[in-house]
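Please examine the assembly shown below before reading on. The paragraphs that follow lead through confidence, domains, interfaces and charged pairs.

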Amino acid sequence: MNIIVCVKQVPSSNEVRLDPVRKTIIRDSSKAVANPFDVTAVEAAVQIREKHGGTVTALSMGIPATEKLLRDEIARGADKAVLLTDRVFAGADTLATSYTLAKAVNTLGGADLILCGKMATDGDTAQIGPELSAWLDVPCVTDVIEIKETDDRHIVCVRNTDAGTETVKVELPAVITVVKNLTIPRLPSIAGIRKSLDAEVRLVKAAELGADPSRIGLDGSPTQVIRTFPQEKKGEAVKIEADKAAAAVMELWEEL
Amino acid sequence: MYDLIQSADKIGAEYLRDESRSTGHAEYAVFAKNEEDVLNALRFANEKDLNVTVQGGRTGLAGAAVPYGGLILNLSQMDRITGMELQDGKYILYAQPGVVLLKLRKMIASRKLDTGLFDESSLGIYNRFFTDKEQFFPTDPTETSATVGGMAACNASGARSYRYGAMRRHVSSVRMFLMDGRCVNVKRGEAFANGLKASLPCTDGSSVDFTLPSYKMPEVKNASGYYAAPDMDLIDLLIGSDGTLGVIVELGLILDPLPEAVWGSACLFEREKDALSFVDKVRGEKNIASLEYFDKGALEILRQQKANGSAFASLPDVPKRIESIVYAELHCRDEEEALGSLLRIGEIAELAGGNEKDTWVARNQSDLDGLMFFRHAVPESVNMNIDKLRKTQPSLTKMGTDMSVPDDKLFDVMEMYRRDIEKTGVRSAIWGHIGNNHLHVNLLPSSTEEAGRVKEMFKEWAKSVTSMGGAVSAEHGVGKLKASFLEIMYGPEHIEEMRSLKRTFDPEWKLGCGNLFSKGEEEKA
Amino acid sequence: MGIKIDRDKCVLCEACVASCPNGALSSGDEICIDEEKCILCGACVNNCPMEAITLEKEQAAADEGSSGIWVAVQQQDGRPIPAALELIHKARELADIKKCTVTAVCPGKGSGFEKELIEAGADEVIFCISENMADSDDDAYARILIPLIKERNPETVLFSATILGRSAAPRIAAKLGTGLTADCTALSIEPDTGLLAQTRPALGGNLMATILCPGTRPQMATIRPGIFPAPFPDETRTGKAEYLRAGDTTGRGFEIISAEAKKESGGISDAEVLLVAGRGIGSARNLKKVFELAELMGAKVGVSRPLIDMGWAEYPHQVGQTGATVAPKLLISLGVSGAIQHLAGMGGAKTVVAVNTDEAAPITRQADHVIHMDCVEFVDELTRSFKERKEL
């Protein structure tokens, strides 16, 4: 089975500091990591491969430095890595990103199964998986908490729904998005890291994908952030008098 | 002026014990909020002729914070950062003793400090700190709810002490009240002994004059008894004095820049002897910040906890064939250097009989957190096991050692541990700081009779470890529980030297009674 | 296209350098951008106090022919979910500013509840009836809406950010080639352009971002349930309903084999309301009272470590670093002093009420509401109040 796993580079921390004087935002840019949900997806893919054979390809769109993270996925068990990296990809929102990833899946000759993390820790949008499935015109199962079985033509998995959980069976190819604790990703071994150092990470530019220039990067992104501002923090605690305590707490409870 | 002093039966029973799980007794308790409160408490104790036991987070494992009658002086509410300085390119944080390590770490990492007590100069330093390279405080005891005051009192260390040394090295100043209310405010590099003769200036112009003990401290990781050496910096005496000389009210904590690359690697071995041989060979690798060990007993308890507890479900599986794990943390200038070290570690593991495939590597924070959770799950599992046993046998306490030996004695000491444990027939789990040949041998006796045998065995070990040139307490401090080991280590004459030193600081013998050594002849009479 | 820095406005304050998540900016005689690192995310644009940085892009003009605000209604057992009513009500408010209509569109098996939707603020209700469709069928939900939106050309389509909404909306957005903002917590109309300003938490809630979709239609967003208040039905409102039969949604290579309702885990980690008792509760007998109160409130009970040590409660009830991490909507802390390990375990709680005789206990620093009284008395009083309420 050919499995493609989409991996995104995210900052290691979502911590935002405010400059005490200017009140401008300060972010720590020093460390980037693979989105933890995607690391789980890679592990899930490797487990499927260990049972059924095939290859696991880690696919990412990002700046050239993302290559390092893709190597790390190889150390964790992926067979191949592909990095879509080109100036014209920059500024992509989820629509442009999913379009670009869909083009890449087709350029790589398609896949039997495409795994994505349910969402990325920096954006929290959870949109890439279902958008990708729409571009590829294949079924999609989001919020998957367990992969039950796979054969050449189907995958059976359990997903979260608003009312509980559901077991669904979908025809392959399909896109599956997984929760972070679907499985525990293994840590790479020194042997795995050694192997990843010599592995090839295929770099792909926009031209190679045959992508419509108006659908990629900043120009292909309909949404635009116009303002960012820090979340208001919890203020001082409110004191409630003892004689009004029960009524006040009752009110808080009713507001839920 | 004594408003804060309350009767000890008004506060919780937990203030009568600490993590050593031994219990004491007290008549009064004070939760001091500032220096004034501390002074009042000391005055009250002098008036009423009470013993004083200082408490912080009560996370100690040697019972130093367990009250010995009299007054409990709890400093956990003195938990503010009072200022900042920059000395020789290093940031110094001035902290009250009740600052909790976890909170300290969070403050440093997020750079969010409560600057309410800062003066102009501190604020200036803070602004610089805010945008500077990320810093950290290197002393890392496993229990992150420890307070910095407690950590200084027992000269705490942790896994990273392999590289960074114990707490002592990271304290630039100590402000301490003596029992008579005088204050010493010592900065590193300002007050030295002359040979063994010493005079420590007080803020009121007077001084404490004393002679240092004449023993030669072992050249191993050591938190046993007063730090003493000819011509020493006198601040080093106050650190590690186990609450017997004075009450610490402020510490200068030296921060280090956080290394660019912090990686972890666990090497799994099928035989303990391979793990030891790996340790022996890997010591030459310069970037290692910590070198930790887990034996088959520890791994077995972990497997059980993983099987029956959801809290540990996310731990990685350790294959049954694995007998020992050695964890090494790398602190490097950059990732390239870290990779070089990691690959050399792999080679050494294979040379020692391991396999590069049997390794776990963490190269980012979330993987490191995973390995950290694994390391902490070991003591936590054992504690849970003890708690279970104690429900039916409340007299049992956790029986663990804290001894260190020189590098060339690692194989010998391990052989001794294995031989003697087998003789007692008690279930065991060994883990700890193998880089310093400092292993915590923990026994899980299932009866008071077994506990008695273990106690005897520990006494024998104290003698053997001393003769190997080791220390009876490498990091937990001596407290009350290990006072008898200290006598084995140094002998009665040197204990007497320590007693007379204490008397110059605390002539009425009120502070930290029962810690380090008993009062001696008078007490028996 | 790209980032442009107006050198005349720039004062080299380096706020942009500090804000870049990729370290792409550096400062010297002027601010430099490393193109190898820049992903055109615009973080520096929004952080520049001098407004010296701009992000230029080709902007297609919006389709002038689109109009109206749509709310995609989600159903459960043939009824609209509460979040849908909240959203219709909010849409009404926006439509009144825009002077346009609100359309509630309801794919699924249910119908006949137009009155409720109109009274919440809709002018028009469209039922797309598919009797066999499961409530959770995101695939069918999207397939039904896509042609309808294409045909009727609304200016805006809003979804509840439920599991269904967050799965279906992206498929629709991609098929329509338009933008979608996830999990919004605020909506407004930009005064000068009339565009929908969609505000959402970013970076795990550390930062809020306001997002526009100027060039493509419809503007689409999923909105977090429970953010907007539930509407009071306005019975004077009138509107019309349209009944459509949805096309066949089977044979898509997608099949729901079985469904299981939400299980009560019994654990405290996912409790919505949590009572946490500490040493101040005093006795095992008093702890029983807390369990009784919890029963009345539909809450669960957690305890601090000392209570476990004393054998009053079992380990699974322990809140803290070594116990369970909890994130209830309402946490009532009863006689807990608040050791740091305990506080670490309850950091995710939304509203914290601390009941304690010690006003300076560390728990009060983590609380939203502080009640200075004996926690057992408080438990008694609250129990009385809830019992009275039940009798009413």
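What is the mean pLDDT of chain C, and what percentage of its residues reach 70 or more? The mean pLDDT (the predictor's confidence in each residue, from 0 to 100) of chain C is 89, and 97% of the residues of this chain reach 70 or more. Where pLDDT is low, the predicted coordinates should not be read in detail. The model as a whole scores ipTM 0.91 and pTM 0.83. This is a predicted model, in which local features need pLDDT of at least 70 and side-chain atom pairs count only at pLDDT 80 or more, while totals for chains, interfaces and linings use all residues. Residues are numbered from 1 along each chain as its sequence is written, chains are lettered from A and ligands numbered from 1 in the order in which they are written, and side-chain values use heavy atoms, with hydrogens and water left out.

The domains of two chains may be considered next. For chain C, the domain assignment (bounds from an automatic or database domain assignment) gives domain 1 (2-56), domain 2 (69-245) and domain 3 (273-391). The C-alpha centres of domain 1 and domain 3 of chain C are 48 Å apart. For chain B, the assignment gives domain 1 (6-74), domain 2 (81-257) and domain 3 (261-467). The C-alpha centres of domain 2 and domain 3 of chain B are 29 Å apart.

Domain 2 and domain 3 of chain B touch one another: 11 residues of domain 2 are in contact (heavy atoms within 4.5 Å) with 21 residues of domain 3. The size of an interface is often given as the accessible area lost when the parts come together. Between these two domains of chain B the buried area (the accessible area, with a 1.4 Å probe, that two parts lose on being put together, summed over both) is about 1300 Å², and carbon and sulfur atoms give 54% of it. On the side of domain 2 of chain B, the residues that lose the most area to domain 3 are B:Tyr162, B:Arg163 and B:Lys221, together 50% of what that side buries.

Side chains of opposite charge can pair when their charged atoms come close. Between domain 2 and domain 3 of chain B there is 1 salt bridge (a side-chain nitrogen of Lys or Arg within 4 Å of a carboxyl oxygen of Asp or Glu). B:Arg160 forms a salt bridge with B:Glu329, with the closest N and O atoms 2.7 Å apart. The count of residue pairs in polar contact between domain 2 and domain 3 of chain B, with both residues at pLDDT 80 or more, is 7; a polar contact is a pair of N or O atoms within 3.5 Å, where within protein one must be able to donate a hydrogen and the other to accept it, and residues adjacent in sequence count only if both atoms are side-chain atoms. Helix α5 (residues 161-164) of chain B gives the most to the domain 2 side, with 4 residues; helices (H or I, at least four residues) and strands (E, at least two) are DSSP runs, numbered from the N terminus.

How many residues does each of chain C and chain A bring to their contact? Chain C gives 100 residues and chain A gives 78 residues. The area buried between chain C and chain A is about 7800 Å², with 56% from carbon and sulfur atoms. C:Lys57, C:Ile163 and C:Leu203 supply 8% of the area that chain C buries here, more than any other three residues. Across this interface there are 5 salt bridges, and C:Glu35 forms a salt bridge with A:Arg87, the closest N and O atoms lying 3.3 Å apart. The largest share of the chain C side, 9 residues, comes from helix α6 (residues 163-176) of chain C.

Chain A also meets chain B, in a contact that takes 23 residues from chain A and 27 residues from chain B. The area buried between chain A and chain B is about 2100 Å². In chain A, the residues that lose the most area to chain B are A:Arg17, A:Leu187 and A:Ile190. Salt bridges between chain A and chain B number 5. A:Arg194 forms a salt bridge with B:Glu356, the closest N and O atoms being 2.6 Å apart.
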